[in-house]
Amino acid sequence: MKPCSFYIFNYQQENEYLKEKIESELSAHGFYKDEDPELVISLGGDGTFLSSMHQTDFKKRYISINRGHLGFFSDYDYEDIFSLVDDIINKDYFLEEIPLYDITGDKNDIFFSDIAITSHKTLNISLSIENKKNFKKKN
């Protein structure tokens, strides 16, 4: 990858050392921090990754480093940060396109994996995918 702008999402104080290490390594190779980056690196669990996608409107390239419990969406574990930097610099990666889906209703949003619908009252849900009615549930 040619040097580009990046931003690291991190919400846990214990990850600050790793964040600074990654920033230092990338900066040494011509990458630069920016609030509107081309590359987003999330340092945490799946929640941090999903939050980083929402905060950047799903319009960036993303890399996830697992510092959480499961890390379903993670590309790297935190022990692999030097592999991450090497892979970015040496273009040793592949881009995976993830389909995005719109949800419309009282609140419009985007999702890519799953969605949770919660309520304190009984719901009447109608679901259509690609304009085909597939599911209707009444409670």
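Does F58 count as buried or exposed?

1. F58 counts as buried because its relative accessibility is 12%; buried means under 20% relative accessible area, exposed over 50%, and partly exposed in between, with a 1.4 Å probe and protein chains only. The residue is placed in the loop between α2 and β4. Although F58 is not a glycine, its phi is positive, at about 60°.

2. On the basis of the note: this is a predicted model, in which local features need pLDDT of at least 70 and side-chain atom pairs count only at pLDDT 80 or more, while totals for chains, interfaces and linings use all residues. Residues are numbered from 1 along each chain as its sequence is written, and side-chain values use heavy atoms, with hydrogens and water left out.

3. D57 is also located in the loop between α2 and β4. Its phi is near 55°, a positive value in a residue other than glycine. D57 counts as partly exposed because its relative accessibility is 47%.

4. Five strands form an open sheet in the order β2-β1-β3-β4-β5, with parallel pairing. Its edge strands, each pairing on one side only, are β2 (32–33) and β5 (76–77). Helices (H or I, at least four residues) and strands (E, at least two) are DSSP runs, numbered from the N terminus, and two strands pair if DSSP finds at least two bridges between them.

5. Strand β3 (residues 39–44) runs parallel to strand β4 (residues 61–66), and six bridges join them. Within this pairing, L39 stands opposite R61 in β4. Two helices pack on the sheet. Helix α1 (residues 16–27) touches β1 (5–10), β2, β3 and β4, and its direction makes about 175° with that of β1. Helix α2 (residues 46–55) touches β1, β3 and β4, and its direction makes about 150° with that of β3. Contact means heavy atoms within 4.5 Å; axes are lines fitted to C-alpha atoms, for helices over the stretch in contact, and angles run from 0 to 180 degrees between N-to-C directions.

6. How many residues of β3 are buried? Six of its six residues are, and the strand is mostly covered. Both faces are covered, with L39, I41 and L43 buried on one side and V40, S42 and G44 buried on the other. Strand β3 also pairs with β1 in the parallel sense, over five bridges. There, V40 in β3 is the bridge partner of Y7. From β3 the chain crosses through α2 to β4, and this β-α-β crossover is right-handed: with the strands pointing away from the viewer, the path from the first strand over the helix to the second runs clockwise.

7. N66 lies in strand β4. With a relative accessibility of 9%, N66 counts as buried. Leaving aside neighbours within four places in sequence, N66 is in contact with G44, G45, G71, S74, Y76, D77 and Y78.

8. M1 is found in the segment before β1. Its relative accessibility is 10%, and therefore M1 counts as buried. M1 and Y93 are 92 residues apart along the chain, and their C-alpha atoms are separated by 9.0 Å.

9. Where does D114 lie? D114 is in the loop between β7 (109–111) and β8 (124–129). It counts as exposed because its relative accessibility is 60%.

10. A pocket is an open set of points on a 1 Å grid over the protein atoms alone, where a 1.4 Å probe fits, with protein on both sides within 12 Å along at least five of seven lines; lining residues have an atom within 4 Å of a point. The lining has 24 residues, of which Y62, F94, L95, E96 and I98 lie nearest the centre of the pocket. At least two lining residues each come from α2, β4 and α3 (81–89). Strand β4 gives the most, with three residues.
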